Each structure stands twice: as structure tokens, then as C-alpha cells.
Amino acid sequence: SKADSASVGSVSSIMELNGLKYRIPQPLSSGVSRAYQREFAQSSGTYLKGQTIVLDLNTGTRYVNPDTASLSFTFQITQTAIANARSYTWGGSLGGAALFDEIRIKAKNGDELDRIENVGQLSKILVDYTVSPAGQDMLSMANGYGTAVDLPEVAGGGAATEFTTPVQCVIPMKYLSGFFRPTIEGMLLPAGMCSGLRIEIKLVNDISLALVQPEGTVPTAFQITDVAMMMETTALNDPTQAALMQESATNG
């Protein structure tokens, strides 16, 4: 009846005036949670020159932030120290990227998504033209952008007897592959593409192209260990997931 409707309306108005009506706000972010994830290489052993490092990503339904994805590994020269050697610097590349000859990125169905040859040289050009000097200083702290191996002095002059100090390198993937440089700023890599993604990194055969020193003989033997991919992943909320699934079902 009209009287009942008026009564309900009056109660509703009183509740609203007294702040007793609650409305769930719209979410300001499409993400529910963010997590740090580390994916290790297929082999947990040692990689030598000319060998290929393989990483298979297992991100599930989470989306990957390409801007913060990084490759981490430990580099060490394994031969006996060379006469007159004092220190080596990375040659013509973005730090430890000098050790990479080629990178291939493949989808889980085997399709090749990206292939980069002469990785070291291309990464150096990219950083020189897109990163400020302050940014390059920050990169040098993570991947040995400057001195790669520094041999200690020994009594009576000469070089040390062994290369004993490993170098920890962390290289942002966006400087190694266009796959990690999306066209839209802040864009996340789709879960369906990243889950099962394979990254193959072929190491150089000639380390003399990777290390430079003023004098002495260039080293020939090295090893890489503890290879891992470090990623920031995001789980999307239900409305966003539903919208993406509907779009995928419609357009493929």
C-alpha cells in the first residue's frame, strides 16, 4: 500500500541520514595480491661456454610485470690466473649480458615469440640510448657494469694465483628482449602466455669478446651457476578475470 511504501521510504531516509547505509566501494586496482616469484633453470649445475641455459616459467594464473623481471646468475673464471692480469671489465655490453650470444623465447606450444642475436652488443646500445647516466650507475651495482673480475695484488708484484672471487649478476630482462618491453606502459604479461613459457639463453664460445683488460692474456674458461629468473606476479580480481575470459572467448 501507499502507506507501507511511505513508511519504508521514511526508514530508508532515516538510515541514510544517520550513516547506517553501507556501500562496498569499487576496487581501485585490478590486482588482488602481488607476490615475488623465482624460477630456476632446468639444470641446477654449472654452465660452460657454448652451452644453453633453459628456463621454464610456471606462473599459473598470475600475470607477470615485465618491468621488474630480472635474470640472476653467478659468474666465475675457472682457469689459473694469467700473468700481468690485474682486472677485467665487461666488454661492449650491459655487464654480464656480454656472456650471452643468443636468446630465444618460446610459447608452451613451441611457437617462437622472440629471438635476439648478439645480445650483449644490442643491450649495450639500448642502455646507452635509453637510460640516463644515473640509471646506468644503478645498473652497475647489480650486474657488474664496470669491473667484472678484480685480482688482488700479491707480494713481490705479479698477479694472484687463482680466480677465486665469483661475480653476482642481476640483469633486467627488458634490456635483453623486446618481449619484456610491452607497447603500453605498465602493461602486465598475460598469464596464458607466461605459464609454460620457455627462455633459452646460449652462452658465448669466446670469452675474449666478453671481458676486456689493458694487458696480459685473455682468459678462456668460465662457469655460470645459480641461474634464476626473478619476477613480480599479480593475481587479478574476479571481475577483471571474468572480463578477460569473456574477451578471450569472443576474440580468441
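Which residue forms a salt bridge with Arg115? Keep that one in mind for a moment, and let me first say what we are looking at.

This is a predicted model, where local features need pLDDT of at least 70, side-chain atom pairs count only at pLDDT 80 or more, and totals for chains, interfaces and linings use all residues. Residues are numbered from 1 along each chain as its sequence is written, and side-chain values use heavy atoms, with hydrogens and water left out.

Now, back to Arg115. The partner is Glu112, and the closest N and O atoms of the two are 3.1 Å apart. By salt bridge I mean a side-chain nitrogen of Lys or Arg within 4 Å of a carboxyl oxygen of Asp or Glu. Arg115 sits in strand E7, residues 112-117. Helices (H or I, at least four residues) and strands (E, at least two) are DSSP runs here, numbered from the N terminus. Arg115 is partly exposed at 39% relative accessibility, and Glu112 is partly exposed too, at 38%. For those labels, buried means under 20% relative accessible area, exposed over 50%, and partly exposed in between, with a 1.4 Å probe and protein chains only.

What does Arg115 touch, leaving out residues up to four places away in sequence? The list is Glu102, Ile103 and Arg104, where a contact means heavy atoms within 4.5 Å. Arg115 and Phe179 are 64 residues apart in sequence, yet their C-alpha atoms are 9.4 Å apart in space.

Let's step back to the whole protein. There are five helices and twelve strands. Buried residues make up 40% of the 252 residues. Of the contacts with a separation of 6 or more, 80% are between residues 24 or more positions apart. The protein exposes about 14200 Å², and carbon and sulfur atoms supply 54% of that; these areas come from the Shrake-Rupley method with a 1.4 Å probe, and for residues only the protein chains shown count as cover.

On to the inside. The largest nonpolar core has 47 residues, and Phe73, Phe75 and Phe100 have the most contacts inside it. Such a core is a set of buried Ala, Val, Leu, Ile, Met, Phe, Trp, Tyr and Cys residues joined through side-chain atoms within 4.5 Å. Several elements supply at least two residues each, including strand E4 (70-77), strand E6 (100-106), helix H2 (119-130) and strand E12 (222-236). E12 gives the most, with five residues. As for Phe100, its contacts beyond four places in sequence include Leu71, Phe73, Val119, Ile171 and Ile201.

A search of the whole structure finds three aromatic pairs. Rings of Phe, Tyr and Trp (its six-membered ring) pair if their centres lie within 6.5 Å; planes under 30 degrees apart count as stacked, over 60 as edge-to-face and the rest as tilted. The rings of Phe75 and Phe222 have centres 5.9 Å apart and planes at 45 degrees, so this pair is tilted. Phe75 lies in strand E4 and Phe222 in strand E12, so the pair ties together parts 147 residues apart in sequence. Both Phe75 and Phe222 are buried. Phe179 and Phe180 have ring centres 5.3 Å apart and planes at 80 degrees, so that pair is edge-to-face. Both Phe179 and Phe180 are buried as well.

How many salt bridges are there by this rule? The count comes to six. In one of them, the side chains of Arg198 and Asp56 meet at 2.8 Å, N to O. Arg198 lies in strand E10 and Asp56 in strand E2, so this pair ties together parts that are 142 residues apart in sequence. Arg198 is partly exposed at 30% relative accessibility, and Asp56 is partly exposed at 26%.

Glu200 and Lys106 also meet in a salt bridge, at 3.6 Å, N to O. That pair links strand E10, which holds Glu200, with strand E6, which holds Lys106, 94 residues apart. Is Glu200 buried or exposed? At 16% relative accessibility, Glu200 counts as buried, whereas Lys106 is partly exposed at 22%.

Val11, Met15, Leu20 and Tyr22 make a nonpolar surface patch of about 430 Å². Patches are made of residues with over 30% relative accessible area and no salt bridge, with like charges joined within 9 Å and nonpolar side chains (Val, Leu, Ile, Met, Phe, Trp, Tyr) within 5 Å. Tyr22 is in the loop between helix H1 (2-17) and strand E1 (31-40), and Tyr22 is exposed, with a relative accessible area of 73%.
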